[in-house]
Amino acid sequence: MDLMDAAPSIEDLRRRARARAPHVAWEYLDSGTGLETGVAANRAAMKAVRMVPRFFVDASEPDTSRELFGRVWDAPFGVAPVGVQSLMWPGAELMLARAAKAANLPYTLSTVAGEDLEKVGPEAAESFWFQLYTPTNPNMRADLIDRAAQAGAEVMTVTVDVPAASRRERQRKAGVGMPPRMTPAMVARVLMRPAWLKATLERGIPSVSNLRRYASKEDLANFGAFVGKELAVAVTPELFGEIRDRWKGKLLVKGVMDPEDARRAVELGADGIWVSNHGARQIDFVKPSIEALPQVVEAVGGHAKVVMDSGVRDGHDVARAVALGADFVFLGRAMMYGVMAYGEAGAAHAMRLIQEELANVMTQLGAPKLKDLAGRLDPANPARGA
């Protein structure tokens with residue numbers, strides 16, 4: 001089957017993913033928090049970015065490659081960290097890691113992944129990045145950083161936008177937890193998704209694998225509470241300085257939305273700023289990431305790289321974000337749709353699809369190089385003046 005014909009858009013993958021995943025898995029991936037106006041606002045703000053094509057230029061073979069942190073990648077996007085990907089589809093972390101390596105794109109593993117970083121790192125190889133939720137326990141914190149280095153991660157991103165767990169009401173109603181709450185309703189829904197059930201029985205119930213070694217017997221009895229207590233922390237300048245001193249590779253700060261925070265992070269030693277509102281999963285009325293992006297780019301002034309996520313769905317959105325100053329763009333939900341729809345082949349297909357969309361957009365706009373996209377922005381674009 002030619003997936004480009006069967007699923008020529010990310011929306012096609014989304015529909016199939018929803019039909020194959022059980023309710024609990026879908027609710028974890030798809031939900032925001034509160035009334036979920038923030039999720040809709042991310043998409044609306046992205047779609048509001050307009051661009052103007054230019055002609056009398058040959059853009060028939062656009063160059064989508066981009067250098068970031070000493071490596072040339074095949075496209076300016078990668079896989080964002082998504083927690084417990086194995087809940088949404090068993091083995092998703094390994095599938096995405098292998099697909100990213102083959103596509104020459106970065107793959108970012110979450111601290112709360114369903115696979116140990118020691119397993120994922122070798123699969124991703126030079127594409128391996130690690131996202132750190134900063135534990136309150138200093139020994140646990142130091143060990144996670146060291147394990148990431150030993151597993152081959154070249155880049156670490158420290159997430160700062162989870163000072164406390166958000167409510168995520170849809171997830172609560174669906175029974176999302178570690179492990180998931182097995183109610184009669186959940187069992188009935190899981191039985192309706194035989195492919196997911198078969199794969200889960202083969203691999204085992206998903207858990208936050210990276211952190212289980214740090215839990216006592218008492219903690220394991222209420223593992224979800226242990227994870228929440230350890231990882232909901234305010235990252236102070238002192239704490240960030242400790243991480244910066246221990247981590248010898250490139251370091252980004254993820255969750256930055258305010259220009260002053262961006263400047264402060266660079267002063268503290270960050271190599272990059274990751275603009276993100278956490279997919280609007282922490283605060284419902286948060287500003288869309290695409291609107292915060294130009295202000296952060298201006299504040300950093302070229303002293304650090306700027307990447308972004310949230311509200312990015314496809315290659316068109318990657319073009320919009322690059323035009324507004326992003327050095328790199330990360331997608332979470334879109335990549336998971338590919339895995340949930342078609343497994344590892346779906347992961348590879350999602351990456352290929354986004355890159356082909358980006359290349360087509362560049363040709364349509366008359367932008368042979370990524371740097372040319374900025375010149376195709378509509379001067380009246382609302383995000384540009386946000």
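How do the residues of the lining of the largest cavity divide into nonpolar, polar and charged? The lining of this cavity has five nonpolar, two polar and no charged residues. In this classification, Ala, Val, Leu, Ile, Met, Phe, Trp, Tyr, Cys and Pro count as nonpolar, Asp, Glu, Lys and Arg as charged, and the others, Gly among them, as polar.

The model is predicted: local features need pLDDT of at least 70, side-chain atom pairs count only at pLDDT 80 or more, and totals for chains, interfaces and linings use all residues. Residues are numbered from 1 along each chain as its sequence is written, and side-chain values use heavy atoms, with hydrogens and water left out.

Cavities and pockets were located on a 1 Å grid over the protein atoms alone. A cavity is a set of points where a 1.4 Å probe fits but cannot get out. A pocket is an open set with protein on both sides within 12 Å along at least five of seven lines. Lining residues have an atom within 4 Å of a point. Grid points are joined across faces, edges and corners, and a volume is the space filled by probe spheres set on the points.

The count comes to one cavity of 30 Å³ or more. The largest cavity has a volume of about 30 Å³. Its lining consists of Tyr133, Thr134, Thr159, Val160, Val162, Leu231 and Val233.

The second largest pocket has a volume of about 490 Å³. Its lining comprises 25 residues, and Val160, Asp161, Gly255, Val256 and Asp261 lie nearest its centre. Helix H14 (237-246), strand E7 (250-256) and helix H15 (259-267) each supply at least two lining residues. Helices (H or I, at least four residues) and strands (E, at least two) are DSSP runs, numbered from the N terminus. By class, this lining holds 14 nonpolar, seven polar and four charged residues.

Helix packing was described next. Axes are lines fitted to C-alpha atoms, for helices over the stretch in contact, and angles run from 0 to 180 degrees between N-to-C directions. Angles under 35 degrees count as roughly parallel, over 145 as roughly antiparallel, 65 to 115 as roughly perpendicular and the rest as oblique. A crossing is left-handed if the near helix is turned anticlockwise from the far one by less than a right angle, and right-handed if clockwise. Contact means heavy atoms within 4.5 Å.

Helix H6 (residues 92-103) packs on helix H7 (residues 117-124) at about 25°, with the axes 8 Å apart. H6 is therefore roughly parallel to H7. Their crossing is right-handed. Glu93, Leu94, Ala97, Arg98 and Lys101 of H6 contact Lys119, Val120, Glu123 and Ala124 of H7. Four of these residues are nonpolar, none polar and five charged.

The axes of H6 and H18 come within 8 Å and cross at roughly 20°. The two helices are therefore roughly parallel to each other. H6 passes H18 in a left-handed crossing. From H6, the contact involves Ala92, Met95, Leu96, Arg98, Ala99, Ala100 and Ala103. From H18, Met335, Met336, Val339, Gly343, Glu344, Ala347, Ala348 and Met351 take part. The contact divides into twelve nonpolar, one polar and two charged residues.

Helix H17 (residues 315-323) meets helix H18 (residues 333-365) at about 60°, with axes 7 Å apart. H17 is therefore oblique to H18. This crossing is right-handed.
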